[in-house]
Amino acid sequence: MASRGFASEGRRVLRDPLLLGVITVLWLLLALFVLYPLTVLMVRAFSDEGRLTIEPLMTSLGDSSHRAAFFNSLILAATVGVLGTLLGFLFALTATRTGLGRRWLTLLDAAALLPLVSPPFTTSIAIIFSFGPKGFISHHLLGFDNVSAYGFVSTALAETLTYFPIAYLTLRPIIAAIDPNLEEMAFSLGGSRWRIFRTVTVPLAIPGFANAFLLLFAASLADFATPLILAGNSFPVLPTQAYLQITGMFDFKGGAVLSLMLLVPAAVVYLLQRYWVGRRTYVTVTGKVGQRSRTRAIAPWASVALVVATVLVAVSILYFYALLVFASAVVAFGANNSFTWHHYAVIFTEGVPAIRDTLIIALIGMPLGGLYGVLVGYLIARRRFPGRQAMEIVSMVNYALPGTIVGIAYLIAFNDPPIALTGGAMIIVACYVFRYSPTGIRATVALLSQIDRSLEEASSSLGAGSGETFRRVTLPLIAPAFFAGLGVVFIRSMTAISATIFLVSLSWTLITVRILENMTEMALGPAAAFSVFVIVVVFAVVSVLSAILARLRTATAGAAARSLLGG
Amino acid sequence: MAPISIRLDRVSKRFDHTVKGEVYAVRDVSLSVAEGELLTLLGPSGCGKSTTLRMIAGFEEPDEGTISIDGRDVTHVLPNRRGIGFMFQNYALFPHLSVFENVAYGLRVQRKGTTEIAHAVGKVLELVGLANYERQQPHQLSGGEQQRVALARAVVFQPKVLLFDEPLSNLDAKLRVEMREEIRSLQKRVGITTVYVTHDQEEAMAISDRIAVMERGEVVQDGTAQDLYYSPATEFVARFIGRTNIVEARVVSPAEVEIEGLRITFASGLPVGQMVRLVVRPEMIELQPAAAGAPDSAVITHHTFLGEKTDYQVKLGALSLQATASDHYRKPVLKIGQTVAVHFHAQGIHVLK
Ligand SMILES: Nc1ncnc2c1ncn2[C@@H]1O[C@H](COP(=O)(O)OP(=O)(O)OP(=O)(O)O)[C@@H](O)[C@H]1O
Ligand SMILES: [Mg+2]
């Protein structure tokens, strides 16, 4: 039965040389940049002098510091998951239920979205500036000396502030879709407001909570930058341990084993999110759009409390960013607060290679990633060919895996012949394209599900082959997804570090890596200046892309624009 | 007779059904369409009309059988190499292209010159009555106008064959009648071989040279509207084309059958004593006011006056029959409960095999 479909699908593809060619090339690329590195990683972790063994894994599990890192990672991720979900819920409630004006909402959104487009160390730097030995809050306001800004608490705090917008973006449409009339009705039946909140609003939002929690859990689990700066030796986690194993001790096998320990919880969480919780929340969001009457289901005093709490959080975030800008423009933060352009002078002289390399890589990766996303999305949404589902799954792998795993896998796979690519720019570009294009793939699939298949059939009945149909009809219609996908690749190319830290070289380096080096040299001024630069560039690019998406004016451009940030 | 243009030879198509497993959408269908002919595929929803049409277009590939167009086997030829114009139920206009560019699409694909394209598009838009609409965008058009653009786009590159999949189902009743006349007259003028899919028997009868009735993936009968109406092959066809009575009768002599004790002169050509089922159209039953108690008397149970005619429901013994009268300008409408004499007009009656 299935085999008959398989054979006839196969025959069809064979008769369409262009389609066959594209599918073949994509599979070759996926094999090379997704399957091969992962396989090599596994082989490295599970083999010893040519034979298969789980000994390295057992040794690693027996190592108490590795075990500690494993459990620390889980504890940190769970903490960030809970706190971030609560914070996201707070923002979502305020945004949907308190009748806040449009302007305020925009401000709220800006504060919430800033962390998502920032380079990785931003929050960490700000926390050091606030709570470090010479911290603005710890030292100047409270007068403590020699406090430590390092450890579990500050790491959890920084990650929560960085990742809670994911929860906000997940929960907001769900809460907005819970019909206030439902709450109103319960209210008019005489329920107390608190009771209604507990028995109507919260239960309806539960799948959303689960979804937000899992997404945050995964983000924290994969986070490399924050714990590297803030966790210190007292609180080792898997990504940083794996990194130190490789860069500090040149122990590739140990790094491989550690990254596989990370893979298990990451895969479990991803599968849970994608195939169980994610589906449920999707059903909930059938949101009718349009103006709604203000709900009375939240008491006036509660509204005020929500707004105050939200504004406090938003102000702290903005304060962090203000601190960053300030620190980038003073001689030595905390010690000498006189104004200087010096740090910017540094990044635009010594830092130029990193800036140039990053921009080159981002600009090469951008169109490639955009095109790749649209092509794969189109194939899996629209074409029937053998291995279609496999392609869908494989194309998501590098996106779902923590960056550390991908980075180590690439390093091991491409360091030696037969395919020695490390040291070049191409390996970094490939890493970004295959890791960050899935946003574009999903945007394409979502867009295509709204475009009737008959348009493409019409084109083909009018004589156009599959390539021409794609170019003349499909591509113009999925342009929003193309630009969204391309935007995400650009943003991540400017801000990512967890995978590419393993791939930089003397000839090709990245801004984010330079920020890390600055931090370890305690050159916080240039680190802050670099961060500000990245934020400005990313904001500029996002603005341009949003303008393009707005001009495309298709019904689906809005959704694509949101995926720019959500991805 | 004109040479055959489209030929389907024992074509089948199966789909995977999540519950039922593999099911036939089209089963063992053989059809041929002569050059310049308009054949309609008619049948209820889900009977496989669209699937058959889509196999002719090449959007679906048959699991068994062969399809040829103008003598060329196209069973495994991609749709863009078949030279077929296709009209979709939802029109499928390209939303990002103007009316002109929509119509010009097929010519652009063929890399025709600019002046040639402008000329051809102008001419065909005139033909469908949209001469000044070239620069409009599809979303600025009414349903009927979109329909015409789709038609213009499908014929402009002079395809060998034109296929329609329920093209009128999104239009209101009046426009539907208007458009089907237009499609028919255009088709005749251009003389293009056409296959037309609909589930509306009236539309089918109005537009077709020939109709193929489909039921559950199979073609059950294929003929002119009159063939189907007067000599339906099955009860299904009889009921699908027009209204009908299916009446059980017994052959009582070479020249007579008996219905509910009523003897009717009808040479069935079947052995005496055999039970037969007869197709009796409502207009073949004539009702006359009569006194109660006669053997052919029946009672009116229901009537609907429709102006040009009146539909009656009468009870004859255990039988409930539909009858139609269209002469009320000279005869009063019969009342409910009134006793009538039933007269069958034997010439029109058809025996079901
Ligand atoms: N792509 C498909 N996958 C699975 N089943 C299909 C597919 N296309 C059609 N079918 C099934 O094949 C049968 C025939 O479908 P088809 O669309 O040809 O019917 P139709 O006669 O055109 O009906 P309608 O008048 O409702 O358009 C249906 O039972 C339908 O469910
Ligand atoms: Mg159909």
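Let me start with one residue, A:M391, which touches A:I23, A:L26, A:W27, A:L30, A:V376, A:L379, A:I380 and A:F385, leaving aside residues up to four places away in sequence, where contact means heavy atoms within 4.5 Å. This is a predicted model, in which local features need pLDDT of at least 70 and side-chain atom pairs count only at pLDDT 80 or more, while totals for chains, interfaces and linings use all residues. Residues are numbered from 1 along each chain as its sequence is written, chains are lettered from A in the order in which they are written, and side-chain values use heavy atoms, without hydrogens and water.

A:M391 is one of the residues, with A:L41, A:Y410, A:F434 and B:L163, that touch the most other members of the largest nonpolar core, which has 230 residues; such a core is a set of buried Ala, Val, Leu, Ile, Met, Phe, Trp, Tyr and Cys residues joined through side-chain atoms within 4.5 Å, and buried means under 20% relative accessible area with a 1.4 Å probe, protein chains only. Apart from it lies another core, of 30 residues, including B:I264 and B:V340.

Turning to the interface, the contact takes 29 residues from chain B and 26 residues from chain A. The area buried between the two chains is about 2,600 Å², with 51% given by carbon and sulfur atoms; this is the accessible area (1.4 Å probe) lost on putting the parts together, summed over both.

How many salt bridges cross between chain B and chain A? The rule, a side-chain nitrogen of Lys or Arg within 4 Å of a carboxyl oxygen of Asp or Glu, finds two, and B:R111 and A:E468 form a salt bridge at 3.1 Å, N to O.

Technical notes
Buried < 20%, exposed > 50% of the residue type's maximum accessible area, 1.4 Å probe, protein only.
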